[in-house]
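Here are my notebook pages for this structure. Have the sequence and the 3D view open beside them, and follow along as I look things up.

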Amino acid sequence: MTPTLQLFLIISAALFSIGLLAALSRRHAIFVLIGIEMMLAAANINFVAFWRFGPQPQEPTGVMIAIFAIAIAAAEAAVGLALVIAVYRHYRTTDIDQLNQLRG
Amino acid sequence: MNNVALVSIAIVTLAAALAAALLPQLMRAALSLALTFVGVAAFYVLLGAEFVGLVQIFVYVGAVAVLIVFTILLTRRGTKAAEHFKWSGALIAIAVFAGLVWAILNTPALAITAPAIQPLNVKRIGEVLLTDYVWPLQCVGLLLTAALIGALVLVMEEK
């Protein structure tokens, strides 16, 4: 018995929702970044799954998009974590609820 | 590709992801995140994209997880461990998940099994990467350089 495309999509939807949960409900900035990384990984699973279940033979478009998305996610993680360190140097906290200096 | 392998990998991956999202200790959450990334790489291998799975392990488990651990170690002093949990975020996440599952299950075109495929080898990926995708490849190289310089500037000590 081989799995259908629906099973892969439901699993990646679950991973996306867990990432959304981490990004929305935690107050520590690193947890927000962890959630964003999980959501990006879920989107990548969808790209590769749609490529695998599409009509064959074809160009490896989904695989290429996944590779580029991984590279861009690495750049995003580097800049995001650098921002966390810079914010920690200024405010001595990584709690995003306390970073409210711009609030009117 | 069979259901047993898929479901067992999915259970490990989603359990590790839940642990990474909910554990109160940052360091344990970061290690669970590394396990989640290994599970995602297993999905890629299961889907016939072995190269993407390898890239996922090199980039995420090798680099991003180590970066996160270093950031946790650099920002640990003075931060309180206790934090409250926002239940509104959990409600939104459950609503999004329910909506996605409803949409997936009500789309008949998605209830298909995988066709037979000739394996995608690294030679083919390299050919496509340097012919059709050479412009995106150069742009990603520029983006990575700019992002790393930007990260260095952000964390540099002010004189």
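This is a predicted model: local features need pLDDT of at least 70, side-chain atom pairs count only at pLDDT 80 or more; totals for chains, interfaces and linings use all residues.

**Entry 1: chain B as a whole.** I looked up the radius of gyration of chain B and found 20 Å, whereas a compact globule of 159 residues would have a value near 15 Å. That radius is taken over C-alpha atoms, and the globule rule is 2.2 Å times the number of residues to the power 0.38. The C-alpha trace of chain B spans about 60 × 40 × 25 Å along its principal axes. For my bookkeeping, residues are numbered from 1 along each chain as its sequence is written, while chains are lettered from A and ligands numbered from 1 in the order in which they are written.

**Entry 2: what chain B is built from.** I found six helices and zero strands in chain B. Helices (H or I, at least four residues) and strands (E, at least two) are DSSP runs, numbered from the N terminus. Of the contacts in chain B with a separation of 6 or more, 53% join residues 24 or more positions apart. Two residues are in contact if their C-beta atoms, placed from the backbone, lie within 7 Å.

**Entry 3: chain A.** Next I turned to chain A, which has three helices and zero strands. Its radius of gyration is 18 Å, well over the 13 Å that the globule rule gives for 104 residues, so chain A is more spread out than a compact globule. Its C-alpha trace spans about 55 × 25 × 25 Å along the principal axes.

How much of each chain is buried? In chain A, buried residues make up 52% of the 104 residues; in chain B, they make up 23% of the 159 residues. A residue is buried if 20 or more other C-beta atoms lie within 10 Å of its own, exposed if 12 or fewer, and partly exposed in between, with C-beta atoms placed from the backbone.

**Entry 4: the core.** I then looked for the largest nonpolar core, and it has 68 residues, with A22(A), I30(A), I34(A) and V48(A) making the most contacts inside it. A nonpolar core is a set of buried Ala, Val, Leu, Ile, Met, Phe, Trp, Tyr and Cys residues joined through C-beta atoms within 7 Å. α1 (5-25), α2 (29-53) and α3 (61-91) of chain A each supply at least two residues of this core, as do α1 (3-22), α2 (26-46), α3 (50-74) and α6 (134-155) of chain B. The most comes from α2(A), with 15 residues. Domain 1 (1-76) and domain 2 (119-159) of chain B both contribute, so the core lies between them.

I picked out A22(A): leaving out residues up to four places away in sequence, A22(A) touches F31(A), I34(A), G35(A) and M38(A), plus A20(B) and A21(B) from the other chain.

**Entry 5: where the chains meet.** How many residues does the contact take from each chain? I noted 72 from chain B and 61 from chain A. On the side of chain B that touches chain A, the largest share, eleven residues, comes from α3(B). By class, that side of chain B has 55 nonpolar, 14 polar and three charged residues. Here Ala, Val, Leu, Ile, Met, Phe, Trp, Tyr, Cys and Pro count as nonpolar, Asp, Glu, Lys and Arg as charged, and the others, Gly among them, as polar.

**Entry 6: two residues up close.** Y44(B) is in helix α2 of chain B and is buried, with 25 other C-beta atoms within 10 Å. Beyond its neighbours within four places in sequence, Y44(B) is in contact with V48(A), A49(B), V52(B), G53(B) and Q56(B).

L9(A) is in helix α1 of chain A and counts as buried, with 23 C-beta neighbours inside 10 Å. Its contacts, leaving aside neighbours within four places in sequence, are N46(A), A49(A), I104(B) and L110(B).

**Entry 7: confidence.** I checked pLDDT, the predictor's confidence in each residue, from 0 to 100. Chain A has a mean of 88, with 97% of its residues at 70 or more. Chain B also averages 88, and 94% of its residues score at least 70. The model scores ipTM 0.89 and pTM 0.91.

Notes. Domain bounds come from an automatic or database domain assignment.
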